[in-house]
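Here's a quick tour for anyone opening this structure for the first time. Have a look at it, then read on.

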Amino acid sequence: MQIKVAIVDDDDGIRASLAMLIRRAAGFKLTGDYPDAETALREIPLNIPSVVLMDINMPGAIKGPECVRQLKLRLPEVQFLMLTVYEDSDSLFNS
């Protein structure tokens, strides 16, 4: 059984590196990688992953934690793992 993974991160390099690692890892399948929350909200429900790697701070009106809230309402079975380079504990706990 494969673990299906989606990536949501505005950093092209990080997103591409994670995507490459997932594509090469046995037992994992990349269902998509998205540069912002708006695209993720539109596309993830079309190809439902098991896990979403979500950046906390992204450009645009919708940040990572709000994207998770909206997706979780639509896809309660999906698990989310938050990604960040920040050490701000409030952001981490809020996500």
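## A charged trio and its surroundings

At 11% relative accessibility, Arg15 counts as buried (that is, under 20% relative accessible area; exposed is over 50%, and partly exposed lies in between, with a 1.4 Å probe and protein chains only). Before going further, a word on where this comes from: this is a predicted model, in which local features need pLDDT of at least 70, side-chain atom pairs count only at pLDDT 80 or more, and totals for chains, interfaces and linings use all residues. Residues are numbered from 1 along each chain as its sequence is written, and side-chain values use heavy atoms, with hydrogens and water left out.

Back to Arg15. Its side chain meets that of Asp12 in a salt bridge, 2.9 Å from N to O. The term stands for a side-chain nitrogen of Lys or Arg within 4 Å of a carboxyl oxygen of Asp or Glu. Both residues sit in helix α1 (residues 12-24), 3 residues apart, or about one turn of the helix. Helices here are DSSP runs of H or I with at least four residues, strands are runs of E with at least two, and both are numbered from the N terminus. Asp12, at 55% relative accessibility, counts as exposed.

Arg15 has another partner too: Asp33 forms a salt bridge with Arg15, with the closest N and O atoms 3.3 Å apart. This pair links distant parts of the chain, since Asp33 is in strand β2 (residues 28-34) and Arg15 is in α1, 18 residues apart. Asp33 is partly exposed, with a relative accessible area of 30%.

How many salt bridges are there by this rule? The count comes to 4, and here are three of them:

| Pair | N to O distance |
|---|---|
| Arg15 and Asp12 | 2.9 Å |
| Asp33 and Arg15 | 3.3 Å |
| Glu66 and Arg69 | 3.1 Å |

Glu66 and Arg69 both lie in helix α3, 3 residues apart, about one turn of the helix. Glu66 is partly exposed at 30% relative accessible area, and Arg69 is partly exposed at 45%. Elsewhere, salt bridges that share partners join Asp12, Arg15 and Asp33 into one network.

Now for the rest of α3 (residues 64-74), where Gly64, Pro65, Cys67, Val68 and Leu71 are buried. Seen down the axis of α3, these buried residues fall within an arc of 155°, so they line one face of the helix. That arc is taken from the directions from the helix axis to the C-beta atoms. The face turned away from the buried side carries the exposed residues Leu73 and Arg74.

Strand β1 (residues 3-8) runs parallel to β2, and 6 bridges join them; two strands pair if DSSP finds at least two bridges between them. Lys4 has Lys29 as its bridge partner in β2. β1 also runs parallel to β3, with 4 bridges between them, and Val5 has Val51 as its bridge partner in β3.

Asp55 is found in β3 (residues 51-55).
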